[in-house]
Amino acid sequence: MIKLIEKIEGEAKLNFNFKDNKIDFVDIEFMSTRNIENILKGKSAFDALVINPRVCGICGHAHLIATVEALESCYDNLQISNKAKSLRELTLNFELIQNHFKWFYLTMMPLFGHKQEVLKATYPSQLMGKAIALFGGQYPHTSYAVVGGVVCDITEMDIIKLQHYIEQTVKFVEDNLIKMESESFSTCKSVDNILKYEGDLPDILRQIKKEELLAYGKSYGRFISFGENSYFKKGKSLKTRVNNNIFIEHAKESETATSFAKNVSYKDKYYEVGPLARAMVNKNKLILDAHRKYGDSIFSRILARVSEISQLLKHSKKLIQKLDLNEPSYIEPCIDIKQFSSSGYSAVEAARGTLIHKVELENGFIKNYEIITPTQWNLSGGTREKQGVSQKAMIGLYDIKMAELVFKTFDVCSVCTTH
Amino acid sequence: MKMRVLWLSAIACNGNTHSFLNYPYIEQFLNDFEFIYHQVIDSAYSLEDIVLNQIPCDILLIEGAISREFQRADVSVIEIIESYSKIVQKIVTVGTCATFGGIFRESDYENTSGLHFNQEKSLGNFQDILDKTVSLSGCPVHPEVLVNTLYAIKKSVNLKLDNFLRPKEFYAYTVHNGCTRNEYFEYKVDNHKFGELEGCMYYDHGCQAPYTHASCNKILWNEVNSKTRAGLPCMGCTEPKFPKQNLFETKKNMGIPEYLPVGVGKRTYLTLAGITKAFNIQRLQKKLFDD
């Protein structure tokens, strides 16, 4: 039975196969592609900084950061100031946060039978948009990170404004999402403790328990995360065993017969990426507790994404404290990119998980560009014998509505998947 | 009475959708308008309802570039537009892709363009709805430009449009208008470096603000900033030829920028540049916050 899944920044078709009234296989089809990699071919290298944010309206900033880091990796000995690095990390954090609010309030809550509360999604995400715009000029679709740093210079006044946006967002979290101190939430170690509080997040988690959905959405329990920064670690995790030695060369794309979206695997295995994967690799205590109790279920997946909001807000405050405004925002590269024939790659953590960009330059022009988006990892459409992460998570469910919920816990984005 | 709006996405990145979600008074907007369909916001109808029927509505919003090959819910986006454009009062192209083709004009779909324009070229199709269309270019569109245009339609305001059907209210300005770096432009102080508050980016860094029609420096983005104020060259994203190539460089002929400010002739520009350069204003030569 084919169901059109919509409101995922586009649409996908899920073809459900049933056996004994249970789903025994789901074929995932994405019906369109824009092929932005082709658009990039032959363009001058820096134009990618303008084109690539247009891969996605909700995580375009991650694409910018991935682009600039891929281009920078083509250079030897390029200097970037700590200030520029921190600013990039901050704006990326803000994008992750705005995405998580939108996902939780616009997509998730209605699937649990709640009325969609648009303002609860847009108010905090607008604050994060302002925070990005303060440095980037606008959000979405800035190209403020350039090879060598960032284009803005910042003053103490900017920092004061920024702190206000963050404090307002923290207040929103505490008044709505979970009625406890956001800082305590970010360091909380126990799921049972979370469930004692009021707020939209504990309400949904309690509903999952009450409606006996705790076993729903389990996949392989295999996680991977490539984007390293001052908060996220790189590694893969099989249940709770973490290995930090992973290499991008082993992440491979493959075409599928039934869908425009390419599959992505690591050493021929499908891995989950995203907030749950990051938390497992980072050994976040709260998420380890959730995983120990409920595995890689919808419960853990939702908790991991939403709790990342408070963690990133807290970490962002730390980054701001360490900023040295006397450092330069931008250090001009000593070599003009036009003299360049080189190649490079980058990996950053976007809201939905690991995003990889690979670039090949010839005399400063793009010869080849490859983008691997997080949703490709999670939504890979495997075979019956070797199922993708989200496919596996839907197996055994009785009804299609529940399968849609499970599917959407991966924060599906059609435009990213097919780019 | 709420006005009924259909938000239809074609070949897009959904940047306009998310830009719209940044509109600060969205509560008020949703009191006055109802989406019969939107990509993200809940609506009474599913996408399948929309494409298989002709649900009554007042305004059709189109986001994304258009090609006959591109489908939504298995129906060609052109057929959907043909069906709904007959019944609505107005059609609004939301963003540069829907207006001129934009970045996704170069996608893998055949004959991809905007609704009425392929870059600057006027297209022959959809002539019967030309007088119903308002173009809102921008990559993405500023949410205030979108929302206020919809209110103008609701109030039956007679919008004055430019040659690309864009409301002059927003597109008669240039991005240069209101840029905090204007003085550096006026006095031809071209010592811009990335990461600094000072300097004009028109001379060397490809800034297109003096010849790009948009209100970015008048109404500001996210209510706080603009690209040029932050120190990023304007990439001309509201214009038909967006994206041009070599965006971070100023194309010059014999040292003179190829694209001059709107309405300025080459000879006049040279004369003006000669005079203004003679000023040698110390204040503009040093850092803004220096003693």
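Q: Where does Pro243(B) lie in chain B?
A: In this predicted model, Pro243(B) is placed in the loop that runs between helix 10 (227-230) and strand 10 (252-253) of chain B.

Q: What makes the peptide bond from Phe242(B) to Pro243(B) cis?
A: The omega of the bond from Phe242(B) to Pro243(B) is near -5°, and the bond is cis. Most peptide bonds are trans.

Q: Which peptide bond is cis with omega near 0°, and in which loop is its proline found?
A: The bond leading from Cys139(B) to Pro140(B) is cis, its omega being near 0°, and Pro140(B) belongs to the loop between strand 9 (133-136) and helix 6 (143-154) of chain B.

Q: What is the phi of Lys267(A), and where is this residue placed?
A: Lys267(A) is not a glycine, yet its phi is positive, at about 45°; the residue is in the loop between strand 10 (263-266) and helix 10 (275-281) of chain A. Most residues other than glycine have a negative phi.

Q: Why are helix 9 of chain A and helix 12 of chain A called roughly antiparallel?
A: Helix 9 (residues 200-210) and helix 12 (residues 298-322) of chain A pack at an angle of about 175°, their axes being 10 Å apart. Angles over 145 degrees count as roughly antiparallel, and therefore helix 9 of chain A and helix 12 of chain A are described as roughly antiparallel to each other.

Q: Which residues make the contact between these two helices, and how do they divide by class?
A: Helix 9 of chain A contributes Leu201(A), Ile204(A), Leu205(A), Ile208(A) and Lys209(A), while helix 12 of chain A contributes Ile298(A), Phe299(A), Ile302(A), Leu303(A) and Val306(A). By class, this contact of helix 9 with helix 12 of chain A has nine nonpolar residues, one charged residue and no polar ones.

Q: What makes Arg72(B) and Glu11(A) a salt bridge?
A: The closest N and O atoms of Arg72(B) and Glu11(A) are 2.4 Å apart, and the rule asks for a side-chain nitrogen of Lys or Arg within 4 Å of a carboxyl oxygen of Asp or Glu, so the pair qualifies. Across the interface of chain A and chain B, the rule finds five salt bridges.

Q: How many residues does each chain bring to the contact, and how much area is buried?
A: Chain A brings 61 residues and chain B brings 60 residues, and the two chains bury about 5,100 Å² between them, with 55% of it on carbon and sulfur atoms.

Note on methods. Residues are numbered from 1 along each chain as its sequence is written. Chains are lettered from A and ligands numbered from 1 in the order in which they are written. This is a predicted model: local features need pLDDT of at least 70, side-chain atom pairs count only at pLDDT 80 or more; totals for chains, interfaces and linings use all residues. Side-chain values use heavy atoms; hydrogens and water are left out. Contact means heavy atoms within 4.5 Å. Buried area is the accessible area (1.4 Å probe) that two parts lose on being put together, summed over both. Axes are lines fitted to C-alpha atoms, for helices over the stretch in contact, and angles run from 0 to 180 degrees between N-to-C directions. Helices (H or I, at least four residues) and strands (E, at least two) are DSSP runs, numbered from the N terminus. Angles under 35 degrees count as roughly parallel, over 145 as roughly antiparallel, 65 to 115 as roughly perpendicular and the rest as oblique. Ala, Val, Leu, Ile, Met, Phe, Trp, Tyr, Cys and Pro count as nonpolar, Asp, Glu, Lys and Arg as charged, and the others, Gly among them, as polar.
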